[in-house]
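Today I am looking into cavities and aromatic rings. Here is the model I have open.

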Amino acid sequence: MSAFSYESQGTNTYLVYQVQEDDVIDSMSLGMLSNNKISGIAQTQFLQIDAARFLKYNVSSKVSLRQFFSGSVNKKRLIGAFGSIIDGCLAAEDYMIDISSLLFDMDHMYVDVSSNEVFLICLPVCNTEKVPTDLGGFFKNIMFTTQFDQSENCDHVARIINFLNGSPVFSLHDFKALLSEIKTAPVAAQAPRSTAVQPTKTAVPVQTQEVPPQAAAPVAAKPISIPKAEPAPAPAPAAEPTPVAPPEKKISMMHLLMHYSKENAAAYKAQKEAQKSAASVAAPVKPGKKEKKEKEKKNQPVASFAIPGQAAQPVSQPVVQPTPQAAPQPKVQAAPQSASPAPTPSTPPVYVPAQTPQGQGRNFGETVCLGGGASLGTTVLCEASSPEQTVKPYLIRAKNNEKIMLNKSNFRVGKESSFVDYFIGDNPAVSRSHACFITREGEFFVMDTNSTNHTYVNGERLQSNTEFQISHGDKIRLGNEEFEFKLY
């Protein structure tokens, strides 16, 4: 397909094929293409300049089928494109054009994004080495390489694949019938779905009515186990008449009120007195332990906290001071490290506590690193040296200073709202699919998609369907609509 090129003439864009020396033109097919407007086939013009011969096809305001199927494809676009291809093949047969002369190449099949109509390119060149066209394989390849819209029901995808896999011989008429059936299926499919939900709703209450009787069985079984536990407290009242048993056990106030008698009252009083006597015996032991602990605690802080504010205790200071004067002794003390530097005179102790923050600084390594700035400085440099994290390509529309984020690898701009990613509805000079901005491996490109009024970068007009690399600050014009490309 290297013989193909694009040519812009005024507001029209043409796909141009230069006839090779060994090509033999089929004059009958060329006459059909030139003198008739065949549905689904691009109109063909033959041009000869000296010895050079050319075939030209008008593809203005149309995108290639590959571009059309890029991104998420919904049911309407898929059925519309497939149906149009089938119509073009059937129309070619009606005009006695060999289907093998049609190019089933996604880069050389063009689609009107408004109507989803596909225009086939017919190459009326006689070639004895023509390979028979495998339409079934062509459609199957599209089905397996296209990403479909998951927000809608994709049953049509399975039906098409099953047809293509299950038909040993591909039939244009059968495939067209399947597409027309799928196209009208949603209207008929919505009714059974609503009715299918209703029986399930009616079946649910029927089951709920059957469940309660089944649940009644376990409910009856539960009380059977409960009375088995209840007879246990029954023997307790049987022991009530015996006056000796209750005093052995503790009598609570509730039990006394429920079973009041002189014997129970006397036993309750005796129990209280016994508890008081036991508490009085245990009481002196506990305070003795507490006093010992308090004395120990008081003895420890006297030695450790002699420096901070013990002017009123001169006795404890001289005892502690002689021992910490030696440097190794205060280091041995783990808890009283603050007391070891303390024995120095009143003014030095103010500077001695500064040694303890140094030990704390070792624990907070991050703070020390921040002071040094070695490792964290390197980290900051790494973050700043990675421009890919900060690069966010976008466009600035000059008309209203609008910021348009190019958040897709293939970002389309035009006035067909159902197809493009950025819709321009207030400028008739912009085509339905005017241009697309491509992001690939950290590089950025703009490509004109056969627009009527063309695309310009810094005043230079771009060739259609050709990627042009752009950089920060480039001025891009779509028709007469001005944009500025920015990366940051």
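I searched the whole structure and found two cavities of 30 Å³ or more. By cavity I mean a set of points on a 1 Å grid, over the protein atoms alone, where a 1.4 Å probe fits but cannot get out; lining residues have an atom within 4 Å of a point. This is a predicted model: local features need pLDDT of at least 70, side-chain atom pairs count only at pLDDT 80 or more, and totals for chains, interfaces and linings use all residues. Residues are numbered from 1 along each chain as its sequence is written, and side-chain values use heavy atoms, with hydrogens and water left out.

I looked at the largest cavity, which holds about 50 Å³ of space. Its lining includes Val 63, Arg 412 and Phe 419.

Next I checked the second largest cavity, at about 30 Å³. Among its lining residues I noted Pro 393, Phe 437 and Phe 485. Strand 16 gives the largest share of this lining, three residues (strands are DSSP runs of E, at least two residues; helices are H or I, at least four; both are numbered from the N terminus).

Then I turned to the rings and counted 13 aromatic pairs (Phe, Tyr or Trp rings, the last by its six-membered ring, with centres within 6.5 Å; planes under 30 degrees apart are stacked, over 60 edge-to-face, the rest tilted). I picked out Phe 139 and Phe 175, a tilted pair at 5.0 Å centre to centre and 50 degrees between the planes. Phe 139 is in helix 4 and Phe 175 in helix 6, so their pair ties together parts 36 residues apart in sequence.

Terms used
On a 1 Å grid over the protein atoms alone, a cavity is a set of points where a 1.4 Å probe fits but cannot get out, and a pocket is an open set with protein on both sides within 12 Å along at least five of seven lines; lining residues have an atom within 4 Å of a point. Grid points are joined across faces, edges and corners, and a volume is the space filled by probe spheres set on the points.
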